[in-house]
Amino acid sequence: MTDLPASGIHGHPHRRIDGRAKVLGTATYAFEQDVDAATYLYPLQATIARGRVRRIDTSAAEALDGVVAVLTHLNAPRLADTDDKEYAVCQSDEVAFRGQFIGAVVAETQEVARHAASLVSVEYDEQPHQVVLPDDDKGLDDPDEVNAGYPSDTAQGDVGAALADAERLVDETYSTPMEHNNPMEPHTSVAIWSAGSGDGDASLLLYDSTQGVHSVRRTLAPVLGLKPERIRVVSPYVGGGFGSKGLPHAHNVLVALAAQLTGGRPVKFALTRQQMFTLVGYRTPTIQRIRLAADGDGRLTGICHDVIEQTSRIKEFAEQTATATRMMYAAPNRRTSHRLARLDVPIPSWMRAPGEAPGMAGLEMAMDELAERCSLDPIELRVRNEPDIDPDSGKRWSGRHLVECFRTGAERFGWADRGEPGARRDGDWLVGLGVASSTYPAFTMRGSTAEIAYVDGRYVVRIGASDIGTGTWTTLSQIAAEALGVEVEGVRLELGDTDLPMATVEGGSSGMASWGSTVVAAVDAFRDRHGKDPEEGATARAETPEHADRKKYATHSFGAIFAEAAVHADTGEVRVRRMLGVFDVGRIVNPPTARSQLVGGMIFGLSMALFEHSVMDARTGHVVNHDFAEYHIPVNADIADLDAIWLDHEDTNANSLGAKGIGEIGTVGSPAAVANAVYNASGVRIRDLPITPDKLIAQSGSTKTGSPQSGHM
Ligand code: MOS
């Protein structure tokens, strides 16, 4: 099966085990599960941003042929735990954001459900709302901590003095917009409720499009008042998530409530693309003031990164925007902070490299500006500020080969050809090169269990992990096969079901490191107990091993991203002609799927640089561009010559497998690499993403626009 070319040093190329089923259409996604007597749900959504439902009239909907049930806060089953307001669906008349669920229609077909929903009339008592992130710090909250358990603020040394005494200074504000996860497969959930015969033996079967079946079960069990073992979540195939399927959202609760009103008939719910812009999370907008102080040689003396971002009024989501700045470069004086605006908006959530992607967009644009103010090559600036140890924790790096990434990439990309801003012209196009660092924490999550069984001459590997399209079906099979010393065909993997052993969520780029090391531990346990020649039916299991050394190290992945951008001198249109990512991500298991993750991440970052922007209407609390006609993501024509390569450094300090995670790091440095290339091409610095033609033209000055003599726009 090694019929794909190796493009890297580690790993063995292997075709996707699930590829054939996906191409043939036989891979069963959540909504396609063949259940008996299915009904279909269409939600009712609030049309105000804040207030109460005064009256809701469902009679016309209920009278319609084919309607099975209409759910509102008046008849919804009571939830056992409503502390988490995201999940307290239809438990009161309160409306906390526009688009929030206020009910649902369940019908024999999707069409009838949708039509019936349009017949429900609702009256509201509306209250004033605020839905736009303010750009001053009045009335902002200081969160106790930011996501992933990081402190909200950090400070070392005297950053004020460093800024006051700086020979070279950058003091700029960078902003990133609200953005929405748009996996190809929408969020879908099929709920089958069994009332049982009496006290406490109700149960729920959920076919769900999720990044973690066990996380869904564990989160929903207390909300629904069921013991975890009374909920089964099944999710063999998932068409992307990017973090938006990393936790259950309100739609899971809504479908579980509705399934209690159908007499046991399954309820199928697929969100529309437009509904996804309200109900499954999004990337918070950020406003980042970044101050970099340096001496005349470009050595940083102070780093200061102050972030304003938003959360919803009903649930705190405090993104860790400035955490990468804490560990990225050496400087004796440092400060970072996060402040939160609580708004009447949908609840922000995870979106690929939540925190690191917007935060490094700001920092790496600022580094590009500092390089210019120091008259230094941007790569040389970063080399001069390379820290020997993690400046935040004081720990040694488990492995940090960022400079090697830059050197390797510079050579391959032709970095030496980079000129002064606005100096290179190709017909009507201004052409330039840009670079940025990338980083992402190397997480290994404990708490998974894998089981190995020897059945019919094959090794069955059982773990309740997920494959959201990343290649886990294949890579985890490869890991097991290698540890067992058999061909991949000698392994049969089972995943995506809570009937399988506990596994952590597919998030934080932690899947391979966490589940892979668990599978290897289970293989070791199996061989210890049963040897090389096991009896039919032999089994063994193991939990994620403790990696004793890990705590001694700061564990991160690194990368250098290069971009070549062409900016049209008249229209401000931007074309990214080439991108190269060089990554220090530890062990690679399967080069083709790894490359797909890294390149896909870079496309995600390019999209952040140039396209993505959810436009919130301050008057209504509505994201007005809530579809693919107006929320722009790249298409093939936007993606030219993209490549990702990796260095030859396993990181066994980070975990026993030596793998550091590849799902998010491609996204982190790419927005700044593109923005810096646009600056080098045009001489115009846009600090507010996305970099759209209107912004470039507005800043370029009309006198120069289109002039063939001018190097600038
Ligand atoms: Mo990813 S945003 O950690 O699911």
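1. Strand S20 (residues 429-441) and strand S26 (residues 556-568) run antiparallel and are joined by 13 bridges. Strands here are DSSP runs of E with at least two residues, helices are runs of H or I with at least four, and both are numbered from the N terminus. Within this pair, Trp429 stands opposite His568 in S26.

2. The model is predicted: local features need pLDDT of at least 70, side-chain atom pairs count only at pLDDT 80 or more, and totals for chains, interfaces and linings use all residues. Residues are numbered from 1 along each chain as its sequence is written, and side-chain values use heavy atoms, with hydrogens and water left out.

3. S20 and S26 belong to an open sheet of five strands, in the order S19-S20-S26-S27-S30, with mixed pairing. Strands S19 (425-426) and S30 (641-646) each have a single partner strand, so one side of each lacks a neighbour in the sheet. Two strands count as paired if DSSP finds at least two bridges between them.

4. In helix H3 (residues 110-118), Ala113, Ala116 and Ala117 are buried; buried means under 20% relative accessible area, exposed over 50%, and partly exposed in between (1.4 Å probe, protein chains only). The buried residues of H3 fall within an arc of 100 degrees seen down its axis, so they line one face. This arc is taken from the directions from the helix axis to the C-beta atoms. Exposed Glu111 and Ser118 lie on the face turned away from the buried side.

5. Ser349 lies in the loop between strand S17 (333-343) and helix H9 (356-373). Ser349 counts as buried because its relative accessibility is 6%. Beyond its neighbours within four places in sequence, Ser349 is in contact (heavy atoms within 4.5 Å) with residues including His249 and Glu319.
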